[in-house]
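This report is written for a reader who is new to the entry shown here. Please look over the sequence and the model before reading on.

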There are 2 protein chains.
Amino acid sequence: MDLDDRNKKVLQAVIDSYIASGSPIGSTVLVKRFDFGVSSATLRNIMADLEEMGYLTHPHTSAGRIPTDLGYRYYIDSLISVENDSEDIEEHLQQAPQLHGDDLQELMEEASRFLATLSHCAGVIVAPSESEAAYRHIEFVRLRGRQVLIIFVTSNGIVQNKLIDIDESIRQQDLNGFSAYLDEELEHRSLAEVRQQLIDKMKEEKLVFMQLMDETYRASQDVQERENEKVYIGGASQMLESPEFANVEKMRALFKAFEDKYKLLKLLDRSVSAQGIKVFIGSENPYFEMQGCSMVVGNYNAGSNVVGTLGVIGPTRMQYKQVIHVVDYTAKLLTKLLGERFQRGLDR
Amino acid sequence: MDLDDRNKKVLQAVIDSYIASGSPIGSTVLVKRFDFGVSSATLRNIMADLEEMGYLTHPHTSAGRIPTDLGYRYYIDSLISVENDSEDIEEHLQQAPQLHGDDLQELMEEASRFLATLSHCAGVIVAPSESEAAYRHIEFVRLRGRQVLIIFVTSNGIVQNKLIDIDESIRQQDLNGFSAYLDEELEHRSLAEVRQQLIDKMKEEKLVFMQLMDETYRASQDVQERENEKVYIGGASQMLESPEFANVEKMRALFKAFEDKYKLLKLLDRSVSAQGIKVFIGSENPYFEMQGCSMVVGNYNAGSNVVGTLGVIGPTRMQYKQVIHVVDYTAKLLTKLLGERFQRGLDR
DNA sequence: GATTAGCACTCGCCAAGATAGAGTGCTAAT
DNA sequence: ATTAGCACTCTATCTTGGCGAGTGCTAATC
C-alpha cells in the first residue's frame with residue numbers, strides 16, 4: 001500500500017527469486033542478480049524495513065529473507081501483472097493435451113489432471129451445480145422381481161438413476177403410463193418446482209403410485225445434492241515434487257485433507273460467487289488449515305449461469321503468474337466444452 | 001518346505017516380531033520374548049541356517065534378522081492359520097462402519113475406504129465386470145436442438161448414458177418407436193449378442209435409424225469397457241502411517257503408481273480367475289514393481305458369476321492375518337450387498 | 001539525510017571423530 | 001548338539017569445530 005517504488009521493486013525481486021530458488025534470499029545475492037544501483041548495505045536496510053512492515057521474514061538470524069503470507073498477498077495484488085509477458089505461457093498451453101471426455105465424469109477427471117499437469121499442483125474441480133437444471137424425462141424400468149430402476153433425466157443431459165423395490169402388481173405398462181404422466185406434468189420445470197409439484201400431487205394422488213412419487217421426489221433431490229457434492233482431485237502427486245513437502249508429516253496431513261473431500265468442497269464453494277480468479281494464500285483460508293499451501297481458484301460456466309468451481313492447491317511458493325494463467329485457461333476451456341455440450345446444440 | 005518344527009517356530013517368531021516391531025530381530029530379543037528352551041547362541045545358529053536357506057536376511061553385519069520375500073511367502077503359505085484365533089478380529093469387524101451406498105459407484109467408494117480403514121493399507125476395488133449382463137432397455141431422450149441422450153440399461157441395473165447429435169427431423173415419437181422396437185428385438189440377450197444383432201440389423205435397416213443403431217452399438221460397448229476400467233482407490237493415506245514410507249521418494253513413487261489406475265487394473269485382473277484370497281509379496285508381482293509392497297486380493301460376486309476383484313496394497317510388513325480377514329470379510333460383504341441389489345429382488 | 005564500507009556477531013550446515021549399543025560369528029568347552 | 005564367551009562389526013547418536021552466508025550496527029562519505 002504505502003510502499004515507494006524502490007521498496008516495491010525489492011519486494012518483487014525477493015519474492016521472484018524465492019519462488020524460483022526456494023531458499024532464503026540475502027542482500028548480496030540480490031544486488032548481484034538485479035541492478036538496483038545501490039549497495040548490499042542499502043538493500044539490507046530496505047529489507048529490514050520490509051520486514052518491519054510485515055512483508056518479509058527471517059527463518060533465523062543469519063539467513064536471507066523469505067516472503068510472509070502478507071508479502072505474497074501484496075505480490076499477488078499489486079506486483080504481478082497477469083496480462084503482459086504471457087506469450088510463453090500461451091505457447092506452453094498450446095502443447096497441452098486436449099480434453100475429450102464425452103461423459104461428464106470423465107471430463108471432470110481429465111480436467112483435474114489437466115490442471116495438475118500444467119500447474120504442478122493438485123487440480124481440484126467441483127462438479128457443476130445443477131440448480132438451474134430443468135426436468136426433462138423420467139423412466140421406470142422393471143428389473144428382476146420387485147426391483148425397479150428410476151432414471152431421471154434433466155434438460156442438460158444429467159442422468160441420475162436409483163434402484164427401488166416396489167409392489168410386484170405394478171406392471172411395466174403401468175410404469176410407462178405413469179412416466180408419461182409425469183413427463184407431461186413436469187416438463188420444463190425447475191427441480192425445485194418439480195419437488196413442490198410432487199408434494200402437491202402426493203396429497204391428491206391414488207395410493208398405487210404413492211411410493212413411486214415419493215421415490216421420484218427423492219431422486220430429484222439426489223440429482224442436486226449428489227452431483228453437487230462431487231469433487232474431483234487429480235494429480236495430487238504433483239505436489240510431492242515440491243521440496244516443501246519433503247517433510248513426511250506434512251505430506252501425510254495433506255493427503256488426509258484430500259481424502260476429506262467434503263472440506264475441500266466447502267472451501268471451494270466459498271469462492272463460487274465471485275467472478276474471476278482468486279488466490280488464497282497460506283493461512284488465509286479458514287477451512288483448509290494447511291500451513292504453506294495456497295489455492296488458486298476460478299469458476300467455469302455452462303451457459304449463462306455460474307455452475308462450478310475449479311482450481312489448484314499447491315505450495316505457497318508456487319509460480320503464481322503461470323498458475324493463474326493455467327486456471328484461467330482451464331476455466332475458459334471447460335466453459336467452452338460444457339457450453340458446446342449443454343447449450344449450443346442448436347448452432348452446430 | 002523342508003523345515004523341521006523348531007526352524008518353523010523360529011521363523012514364525014522372527015516374522016511375527018518383525019511385523020509387530022518393524023525393526024530387525026536379534027537372537028537375544030527372541031530368546032527373551034519366546035521360550036524356545038535354547039540359548040541365544042543356538043538361536044543364532046538356527047537363524048544362520050534360515051538365512052542360508054533364503055528365508056531371512058541381514059540389513060548389515062551387526063543387525064538382527066528380517067524376513068526376505070521368500071520368508072514371507074513361506075509364512076503366508078505354511079505358518080499362519082487364518083481360521084483360528086479370529087475372535088478378536090471378528091469383534092473388530094463388528095464395530096466396522098456399515099456400507100449403505102445405494103448407488104453402485106458410491107458403494108464402491110465406500111467399500112474401498114472400508115478396506116483401507118480396517119487394514120491400514122490402501123483399499124482397491126475393481127468395479128464388477130458386466131460381461132454377463134443382459135440387455136434390458138434403451139431410451140432415447142431428445143434434449144435441446146440436435147442433441148439426444150441415449151440411456152442404456154442392463155438387467156442388473158447398470159445405467160450407461162451417452163450424448164449424441166442427430167438429425168433434427170427425427171422426432172421424440174420416432175425415437176420412442178425405435179426404442180420399443182429395439183427392446184423387443186434385444187430383450188434378455190447378452191451384450192455380445194446385442195452387438196452382433198445390431199451389426200446384422202444395420203445391414204438391412206432403413207437409413208434414418210442407421211446412426212442411432214451405430215451409437216447404440218457403441219453404447220453397448222461402453223457399458224462393458226468403461227465400467228470394467230473403473231478402479232476405486234480409497235484411503236491411500238493409510239499407507240503413509242507405516243514407517244517404511246517415511247522415505248519421500250518411495251511415497252512419491254507409490255502415489256504416482258496409484259494415479260496410473262490402468263496398471264493397477266491389469267494387476268488385479270490377473271487374479272480374478274482364482275477363488276479365495278491371494279497374497280502377492282514384494283517383487284512377486286510383475287506389474288507393480290514397487291519394492292516393499294504386498295497385495296492381498298480377493299474376489300467378490302454378484303450372483304453366481306465372478307464379477308469383481310478387490311484387495312489392499314500395503315507395506316510388505318503388514319499384519320497379514322488380520323488383513324486377509326478383512327479382505328475376506330469385505331469380499332463377502334460386498335457379495336451379499338450386490339446380491340441383494342441385483343439378484344435376489346424376488347425373495348425380499 | 002541518505003548511502004555506503006567495514007566489521008563483529010550469529011546461526012545453520014557439514015564433516016570428522018568419539019562413544020555406546022546391539023548383534024553376529026567363531027571357537028572351545030560341555 | 002548345545003552353550004558360554006569373546007572379539008569384531010556396524011549403526012546410530014552426540015559432540016566438536018570450522019566454514020560460509022548473512023545480518024545489524026557504526027562511523028564515514030556523498
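## Terms and basis

In sorting residues by class, Ala, Val, Leu, Ile, Met, Phe, Trp, Tyr, Cys and Pro count as nonpolar, Asp, Glu, Lys and Arg count as charged, and the others, Gly among them, count as polar. A residue is taken as near a strand if one of its heavy atoms lies within 4 Å of it.

The model is predicted, so local features need pLDDT of at least 70 and side-chain atom pairs count only at pLDDT 80 or more, while totals for chains, interfaces and linings use all residues. Residues are numbered from 1 along each chain as its sequence is written, chains are lettered from A and ligands numbered from 1 in the order in which they are written, and side-chain values use heavy atoms, with hydrogens and water left out.

## The surface near DNA strand D

By class, the surface near DNA strand D has 5 nonpolar, 14 polar and 4 charged residues. DNA strand D is surrounded by 23 residues, of which the closest are Ser27(A), Arg6(B), Thr42(B), Thr61(B) and Ser62(B). With helices and strands taken as DSSP runs (H or I of at least four residues for helices, E of at least two for strands, numbered from the N terminus), helix H2 (27-33) and H3 of chain A and H3 of chain B each supply at least two residues of this surface. The largest share, 4 residues, comes from H3(B).

Of the atoms of DNA strand D within 4 Å of the protein, 75% belong to sugar or phosphate, and the rest belong to bases. A polar side-chain atom of Thr42(B) lies 2.4 Å from a phosphate oxygen of DNA strand D. Bases are approached as well: a polar side-chain atom of Arg44(A) lies 3.2 Å from a base nitrogen of DNA strand D, and one of Arg44(B) lies 3.2 Å from a base oxygen of DNA strand D.

## The surface near DNA strand C

DNA strand C is surrounded by 23 residues, and the closest of them are Arg6(A), Thr42(A), Thr61(A), Ser62(A) and Ser27(B). These residues divide into 5 nonpolar, 14 polar and 4 charged. Helix H3 (40-52) of chain A, with helix H2 (27-33) and helix H3 (40-52) of chain B, each supply at least two residues of the surface near DNA strand C, and the largest share, 4 residues, comes from H3(A).

Sugar or phosphate accounts for 76% of the atoms of DNA strand C within 4 Å of the protein, with bases making up the rest. Arg44(B) has a polar side-chain atom 3.2 Å from a base nitrogen of DNA strand C.

## How chain A and chain B meet

With contact meaning heavy atoms within 4.5 Å, 49 residues from chain B and 49 residues from chain A take part. The buried area, which is the accessible area (1.4 Å probe) that two parts lose on being put together, summed over both, is about 4,300 Å² between chain B and chain A, and carbon and sulfur atoms give 49% of it.

Between the two chains there are 4 salt bridges, each a side-chain nitrogen of Lys or Arg within 4 Å of a carboxyl oxygen of Asp or Glu. In one salt bridge the side chains of Arg252(A) and Glu241(B) meet, at 4.0 Å from N to O. Helix H6 (104-119), strand E4 (135-142), strand E5 (147-154), strand E6 (159-165), helix H10 (248-259) and helix H12 (320-343) of chain B each supply at least two residues of the side of chain B that touches chain A. H10(B) gives the largest share, 6 residues, and by class this side has 16 nonpolar, 14 polar and 19 charged residues.

## Symmetry of the two copies

Two copies of a chain are related by a rotation about an axis and a shift along it. When the copies are superposed by least squares on the C-alpha atoms of residues with pLDDT of at least 70 in both, a rotation of 179 degrees with 0.1 Å of shift along its axis brings chain B onto chain A, with an RMSD of 0.1 Å. That is the relation of a two-fold axis. In chain B, the C-alpha nearest the axis belongs to Val248(B), 3.3 Å from it. Of the interface residues of chain B, 100% are also interface residues in chain A, so the copies meet through the same surface.

Definitions and conventions
Polar contact = N/O pair within 3.5 Å; in protein donor to acceptor, adjacent residues only side chain to side chain.
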